[in-house]
Amino acid sequence: MFLLLSDVEAGRAEFLIVERTSEPSGQTYAQGLRLGDGRYVVERRDGAPDRHYKTVALDMRDAHVLLTGWAFELAGWDRGHACSRLD
């Protein structure tokens, strides 16, 4: 995943989407998008539209920690990041 985020960092890709294939809805995913100042918006959707959240990662490494933690369902993966709901 770090190499895929490196493509976003270098401008070779606009964003990275990670899906949970174990979820049959196809609506459970996380994504990272690089902002012009080097920070990343990391979003996650846990199935339904009312379960769509975002947070800001300071840089690519921080985005990598969030996306990897989410993908592998690691305990405390979003610790230290305030998440807000997207409407």
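Predicted model: local features only at pLDDT ≥ 70, side-chain atom pairs only at ≥ 80, totals over all residues.
Residues are numbered from 1 along each chain as its sequence is written, and local features need pLDDT of at least 70 while side-chain atom pairs count only at pLDDT 80 or more. Totals for chains, interfaces and linings use all residues, and side-chain values use heavy atoms, with hydrogens and water left out.

Me: What makes up the secondary structure of the protein chain, and in which order do the elements run?
Reply: The protein chain has 2 helices and 5 strands, in the order α-β-β-β-β-α-β from the N terminus. Helices (H or I, at least four residues) and strands (E, at least two) are DSSP runs, numbered from the N terminus.

Me: Why is the protein chain called as compact as a globular protein of its length?
Reply: The radius of gyration is taken over C-alpha atoms, and the globule rule is 2.2 Å times the number of residues to the power 0.38. For 87 residues the rule gives 12 Å, and the radius of gyration of the protein chain is 12 Å, so the chain is as compact as a globular protein of that length. Along its principal axes the C-alpha trace spans about 30 × 25 × 25 Å.

Me: How is helix 2 (60–71) compared with its expected span?
Reply: The expected span of a helix is 1.5 Å times one less than its number of residues. Helix 2 has 12 residues, and its first and last C-alpha atoms are 16 Å apart, close to the 16 Å expected.

Me: Which residues of helix 2 are called buried, and what do they pack against?
Reply: Buried means under 20% relative accessible area, exposed over 50%, and partly exposed in between (1.4 Å probe, protein chains only). Among the buried residues of helix 2 are Met60, Leu66, Leu67 and Trp70. The buried residues of helix 2 pack against helix 1, strand 1 (15–19), strand 2 (28–34), strand 3 (40–46) and strand 4 (52–57). Over the protein chain, 36% of the 87 residues count as buried.

Me: What makes Arg34 and Glu9 a salt bridge?
Reply: A salt bridge is a side-chain nitrogen of Lys or Arg within 4 Å of a carboxyl oxygen of Asp or Glu. The N to O distance between Arg34 and Glu9 is 3.3 Å, and the pair meets in a salt bridge. The two residues link distant parts of the chain, with Arg34 in strand 2 and Glu9 in helix 1, 25 residues apart. Arg34 counts as partly exposed because its relative accessibility is 31%, and Glu9 is partly exposed because its relative accessible area is 34%. A search of the whole structure finds 6 salt bridges.

Me: Where do the partners Glu73 and Arg20 lie, and is each buried or exposed?
Reply: The closest N and O atoms of Glu73 and Arg20 are 3.8 Å apart, and the two form a salt bridge. Glu73 lies in the loop between helix 2 and strand 5, and Arg20 in the loop between strand 1 and strand 2, 53 residues apart. Glu73 is exposed because its relative accessibility is 56%, whereas Arg20 is buried because its relative accessible area is 16%.

Me: What is noted about the phi of Glu73?
Reply: Glu73 has a positive phi of about 50° although it is not a glycine. Most residues other than glycine have a negative phi.

Me: What links Arg44 and Asp46?
Reply: Arg44 forms a salt bridge with Asp46, the closest N and O atoms being 3.3 Å apart. Arg44 is buried because its relative accessible area is 15%, while Asp46 is partly exposed because its relative accessible area is 22%. Arg51 joins Arg44 and Asp46 in a network of salt bridges.

Me: Why is Arg39 called partly exposed, and what is it in contact with?
Reply: Arg39 counts as partly exposed because its relative accessibility is 33%. Contact means heavy atoms within 4.5 Å. Leaving aside neighbours within four places in sequence, Arg39 is in contact with Leu33, Arg34, Val56, Ala57 and Leu58. The C-alpha atoms of Arg39 and Leu58 are separated by 4.7 Å, although the two residues are 19 apart along the chain. Arg39 lies in the loop between strand 2 and strand 3.
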